Amino acid sequence: MSMAEQIITATEEIFSTMIMLEATPGEPGAPPKGPFRNSVTGMVGMAGQVRGLLAIHLTEEAAKSVTGSFLGMDVAEIDDDVRDAIGELANMLAGSIKMMLTDNGKDIKLSIPSAISGAEYTIDNLAEAESTSVPFTLPAGTFTVELQLEHPAG
Amino acid sequence: MSAGADIDYAAAIAQATLDVFEMMIPLELTAEAPLASDAEIRAHVTVMLGLSGDLAGLLTIYCPQAAACAITGGMLGMEVSEIDDDVKDAVGEVANMVAGGLKTALAEAGIGLELAIPSAITGSGYRITAPTGTRKTIVPFRISAGPFWIELKFRRTCC
């Protein structure tokens, strides 16, 4: 399975079982560098046999919609509930992808997730990792899921 | 008591950072007392590096422009006045090396740590948050150009 297929499989699985929203994938491409405007990003690191990073970048509208559907409540603004939910979403996506990377995810562990939110920010990846990303469309907005993987020597 | 329960994480961060500066950044560095809150932190360049293994964690370096440029200039031996790719790479390298030092220190206490890959966040308006309830240690550092901060957030995953 290619990295783009891994992203699509994991995202469709998590959105259909946990978020209860239909996310339609678009064309895979290079990860967006930003600047991200009025957005929320959830990120989680992977380490062990494979080193990497999973990030999901959502417009504020998409982030509110996903959080509202995930928590079953109305979400009016970007608050700690949204930031926690988007961090947790990154965690679930990375958990699903790591199961596809090695024998049932063995020897890959996740860092804690974090959320970045704000009016304008840029994220630069500082490692020479293999990377790809897939854009998705929701009724309420768009988001992009990005995967970077580095296979350490040996 | 579980392995590592008595580790002074602030002291481990301070020592790892002092070691990195001694090795590759010829600037005088002081570690200050750990902070209880991140209220005073101001950053133009933030580098995050995920940690996993026996801890699920995140090492974050918050640098105002002055400190980021001074660290990069010290490391590369040149004048640096604005935040460019060199600065992001240099602060990323500090994050990698400090995390490497922590990995060695925690291994001695029986805690295994693996490093993910770093990313740099820059911009005019952003905030970074960890899940509610994560344990947090913030150590302020000072060089002549000004302050910067290194934070370790984690939760235990085993033991």
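These legends describe close-up views of a predicted model.

**View 1. Helices α2 and α3 of chain A cross at roughly 85°.** Helix α2(A) covers residues 60–71, and helix α3(A) covers residues 80–101. Their axes come within 9 Å. Angles of 65 to 115 degrees count as roughly perpendicular. The two helices are therefore roughly perpendicular to each other.

**View 2. Residues of the contact between α2(A) and α3(A).** From α2(A) come A:A63, A:K64, A:V66, A:T67, A:F70 and A:L71. From α3(A) come A:D81, A:V82, A:A85, A:I86 and A:L89. By class, the residues of this contact are 8 nonpolar, 1 polar and 2 charged.

**View 3. Chain A in contact with chain B.** The contact involves 35 residues of chain A and 35 residues of chain B. On chain A, several elements each supply at least two residues to the side that touches chain B. They are β2 (36–48), β3 (51–59), α3, β4 (108–110), β5 (114–125) and β7 (141–150). Strand β5(A) gives the most, with 12 residues. The side of chain A that touches chain B holds 16 nonpolar, 11 polar and 8 charged residues.

**View 4. Strand β5 of chain A joined to strand β5 of chain B.** The strand from chain B spans residues 119–129. The two strands run antiparallel. They are joined by 8 bridges.

Notes. Residues are numbered from 1 along each chain as its sequence is written. Chains are lettered from A and ligands numbered from 1 in the order in which they are written. This is a predicted model: local features need pLDDT of at least 70, side-chain atom pairs count only at pLDDT 80 or more; totals for chains, interfaces and linings use all residues. Axes are lines fitted to C-alpha atoms, for helices over the stretch in contact, and angles run from 0 to 180 degrees between N-to-C directions. Helices (H or I, at least four residues) and strands (E, at least two) are DSSP runs, numbered from the N terminus. Angles under 35 degrees count as roughly parallel, over 145 as roughly antiparallel, 65 to 115 as roughly perpendicular and the rest as oblique. Two residues are in contact if their C-beta atoms, placed from the backbone, lie within 7 Å. Ala, Val, Leu, Ile, Met, Phe, Trp, Tyr, Cys and Pro count as nonpolar, Asp, Glu, Lys and Arg as charged, and the others, Gly among them, as polar. Two strands pair if DSSP finds at least two bridges between them.
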